[in-house]
Amino acid sequence: MNPDNDDRDVIDPEVRAYVYSLVSALGGSAGDEGGRYILGDDALACLKDLKRWLKLYDERTNRLDVARCLAEANLVNGDLLEILAAWREDEPLNKLKSKIALACLELLVPLTWPIEKEDGDVTVNHHRHMPYLQLAHVSYKRGILHHDSTKILRTAVRIGLPSMALPLKERSSRDEGIIKLILYFFRNVALISPPRNLPTEETQNDIARSATIDSFEEQDILHLILTVSSSMGDDFDTEDVVVLELLFHLLKGIDVPQLFLDNSELSAKKEDELQDMLNKEAGMRRSYARVAPSRHNRFGTMIWLKRDDEKVSTLSGQDVLRDGQQSLAKMDRSKRSNKSKRGKKGQEPVHNDFSMPENISSASNRRLRAFVEEFLDASFNPLFIHIRKAIEREEDRVLDIHIRQYFYLVGWFLEAQRERRERYRRLMKQGGDVKSPDTESFALVAGVLNQETFISLNRSMQQALDNKSWHDLNAGMKCFTQILLTVHEMSESPLEEDQEIAENIQNRIFYEETTHDRLFAIVRAYKDQGYSFLDTTTELTHVFLRMLERYSKQNVDMQVRSRRRARKKKAANPVAGAEDQQEDGSEAEEVAQAQMVSKERKFDFNRFASKLVTQKCVDLYVALTQYYNDLDTEQLKRLHRFFYRAAFKMEMSVLLFRVDIIALFNKMIMGPDGLDQSSPVFKDWNELVRQIFKKLIRKMQERPELVIEILFSKIPSTLYYLEYGHEKQTVSKPRAPAELEVKPGWDFPQQIGIAVTALLDQDKRNLVQWIKNILSEAATERQSWSDAAQASAGLDGSDNAAEHESNTRETDNAPSIVIKPDNELTRVAMFRDNRLRLLMKLVGFERLGLDDEPDATWVIPSILSAQTLSQNLEYISAAEVEPPQLDGKSAEDCIRRKSAARRRADYDDDDDDAEGDVGADEDFLFPAGGPTIRKSDSLQKLKTRRRRKNKDNDEGDEVDEEAAKARREARRIADLEKRRKIKSELFVHDSDDEDDEDRDREFFALEEKRRQEHARKVHDTLMSIEQPGSNSRKKRKSEGGNISGKKRTKRTATVLENDEEETGVESISSRSSIDRDDIMSDSADPATDTPFSSPHARLADNFQKRHRSESIATVDLDTSEAVVENFGAAEQEDDEDIDEPLVPVAARRRMRAGFIVESDSE
């Protein structure tokens, strides 16, 4: 290579002089020695000085001057290779020659290293030297592969054999460096390829991929790769990524199915490809011959094409005279976009591009196939398992490019294993002496079919998608596609072990909904990423969809796990929250992934498939369809199946009704340059396009608006309108406002005053007046009812007035009063105004129905007397005249949001399949507070009841089944309502309460006041029961003892029969709330009881509930007497007639059907 005189000026003359002097002192060919290369006296020192110049000048100054000088001086081909060739294979080991050879190798590696510069790092110096050095690399590779006298690659192996022979633990860092140096030298040789944008004078066949493979095979480099790969982890450790790069540059772009074809099959395939190309050429000639010029029409032609608005376009050439369609087609071909084309940022180097196909010769095909088979047999699992662990540990030697190469090679070798098994099947059919592939398991590639690899693959794909690293994402999708195809082949294996493994892998892959969502995101992310990305994305979507459809049909009850973000509480102090966020920002990012709520739901394939039939997905497949003349049969089938699924299976043909799509389909069938009619898929495409056009015409007749919408892409609202003829009515479900409460520390009149003041502050006096009117009318009506009841009692004139009054309180309760709004605004405020709802609840109003139901009914319960209603009315009137004194606070400051139990979100696809039994509600309830301290004697009591039941069944009458069922349902509902009110300390715990001493002091003071008040009421109640005397009590027992006893016994029998029919647990746990409270009160700590868990409070509540209805009074009468006896407040008699309280047994936890997932899948 003669240096150009103009280029000499760009290099420092001193640098050039130093470098040239070192090259000259290194040695040269001697004429008196027959042209043999003779080393200089200080050859080793010169080699070391040249290495220092490369390192200290070029690398530190970010220049290429020294490398350019060495290329011009022809150091590699003229000196280094000749020095290596002088060390003959039959020559004994010479320490000096080995040092000189190693020094030559230390120069060859940086001189052949690929030039990789980022766009921002490229300088004028680089632009000046890079083309020359790229051509120099080609000459270096040619000299290394085809040296005249010696095999250079084998000599390089000879340099590193002493270091490789040492055990791993005995090697020094120098030995490890020598081994890596040799492997990097082989990597550089395999990587060098002719530059695409530079002219070359010589043929490139001697440095093509075929020549590289042949040289590697002849000089035993492939065997070295097999040895190092199979010993990875045992004899080699840090050389894994170098071997990975070497394999990548040897195998990238090679067609795997073609690799496993025999010579005859390969020749037949090439003949078919040639015939197809000839047929295409003939078709092009025929289409051109119709408009080709002849000797009679050689004169020029120009025509005017009149368009709308009297505009005229000029076209030249006689081919436009044929018809108007041809004229329009030529006009379209002549259009040019004025959009400026900018270079893509971050464009990958050519040597890292794996999308370009590479053709190799037949001999190279045979040698590479033998290497791949041996690699799969012995080296695949050790190498790729070791690399995957290094990637997980984020070793320093692992770069981003290595992750891409890893997943690409995993997919490549998985496809090679499948093609290898297919080749064995073909040979068996032909009578060849080969081992059946069906008798072998997939253990050869099991190292990449485990959960760890799936986790690494999913993480890599998600990171590439987030960072928009399309080449990395392309490699991950290729790997994922081949994994799916391998698993599909495993599922069809005759070996039962392979079928079980395939079932487990499919379960792991399809169980995670994040995998489904990632596929949707990849489809939506397409935007001119190139043909390779298009092909890979459509192939992955096609394979994933078909395998998922097949798997979901085999597993009808398939479940998927969806992850949703957990809600975060808003910071009470925004300033403090901002400061905490700045301080703990990094910690919050680490915990972000942990704050996910996982839910299982039933999988619906139609729902999944509908997400893939969107405008983005259609655009993706249409973009690939535009290359229809360059696609093979499998790709055309893939596109046909998608459009058929979208138009007919999913009934979304409206998405295809767009001008460019219709024109593309028409061109494929009718031409010009249409789909080859001899193609195996032409008939299918012809029928598909015909049916789509029929649907288009029919839809235009139904929806004339489609004539305009055919020009645009379809948004969801447009799709719905074109499909059904009207816009989709979206009715938003109203939500109830947050429930409010008055902060503790205020008495009842003050609480009402606070609620009234809050309404008046918002100018809502009309709502306060409406409440007053309701209370006034209700008090009048309730007083009339009470007077009527007293008059009815006075007319009887019986001596037993006390007994009659008690029966009146129990059976003749006043009916509830329905509250009706006076106008529409009031009706809306009853649902949306939380302050009005606070006042209504304070005065005793109750709301029936669901919380989010706008038209729920408000009632005044029967328990409120006329005096209570009147008193509440007075409180409201007083608050209007004189607002309460709030210690300088406003009414809003005294109101806070009431904490509500969080609802459970239902993610099931099918609401009909959801379980509607009782257990579904009970799953969300808190336990009643843990086990009791004393040992449970429920088993002995249960036996006693059963003996009683058998005895009474023989003597008494049968209990009506409907009445028993109604009583059981009433007890179950009461128990369920009680459990809903439980706020267990095991689950509901507010850390703020622990540190707020003032709040604790107020809380316990209020609790003590309520406890004393309830104790007083219970004492008065017990005294009123004992005062009527024993005569009246005995009289009631004598009158109703037999009937009541029978009812009690038969009720117990019914409950136990139900227990025997079912599980014996639900009915026991659904006994009356009073029986359970008696048991719980025995182990409760009196110092920590609250009014809602206090036995006295429960007794008072149950005593009041006896007066509500006649049916409930009959059931609760016995249980209330049992409570009185348990507390020692009544006579200890008739013990056998009273039901013994049972210890509540927790219902068995329901398990949702799903898949068994091992711990390593988390």
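Where is the place of D887? D887 sits in the loop between α38 (866-881) and β11 (895-897); helices (H or I, at least four residues) and strands (E, at least two) are DSSP runs, numbered from the N terminus.

Before I go on, the sources. This is a predicted model, in which local features need pLDDT of at least 70 and side-chain atom pairs count only at pLDDT 80 or more, while totals for chains, interfaces and linings use all residues. Residues are numbered from 1 along each chain as its sequence is written, and side-chain values use heavy atoms, with hydrogens and water left out.

Back to D887. Its phi is near 60°, a positive value in a residue other than glycine. D887 counts as exposed because its relative accessibility is 69%; buried means under 20% relative accessible area, exposed over 50%, and partly exposed in between, with a 1.4 Å probe and protein chains only.

D220 also has a positive phi, near 65°. D220 is placed in the loop between α10 (209-218) and α11 (221-230), and at 33% relative accessibility it counts as partly exposed.

Next, a hairpin. Strands β3 (residues 302-306) and β4 (residues 312-316) run antiparallel and are joined by five bridges; two strands pair if DSSP finds at least two bridges between them. Five residues lie between the strands, and in this hairpin D309 takes a positive phi near 60°. L305 stands opposite S313 in β4.

Now the helices. Helix α9 (residues 173-191) has 19 residues and reaches 26 Å from its first C-alpha to its last. That is close to the expected 27 Å, where the expected span is 1.5 Å times one less than the number of residues. Of the 19 residues of α9, 14 are buried, so the helix is largely enclosed by the rest of the structure.

Last, Q462, which lies in helix α19 (residues 451-467). Q462 is partly exposed, with a relative accessible area of 29%. Its side chain is joined to that of R518 by a polar contact of 3.0 Å; such a contact is a pair of N or O atoms within 3.5 Å, where within protein one must be able to donate a hydrogen and the other to accept it, and residues adjacent in sequence count only if both atoms are side-chain atoms. Q462 and T515 are 53 residues apart in sequence and 9.6 Å apart in space, C-alpha to C-alpha.
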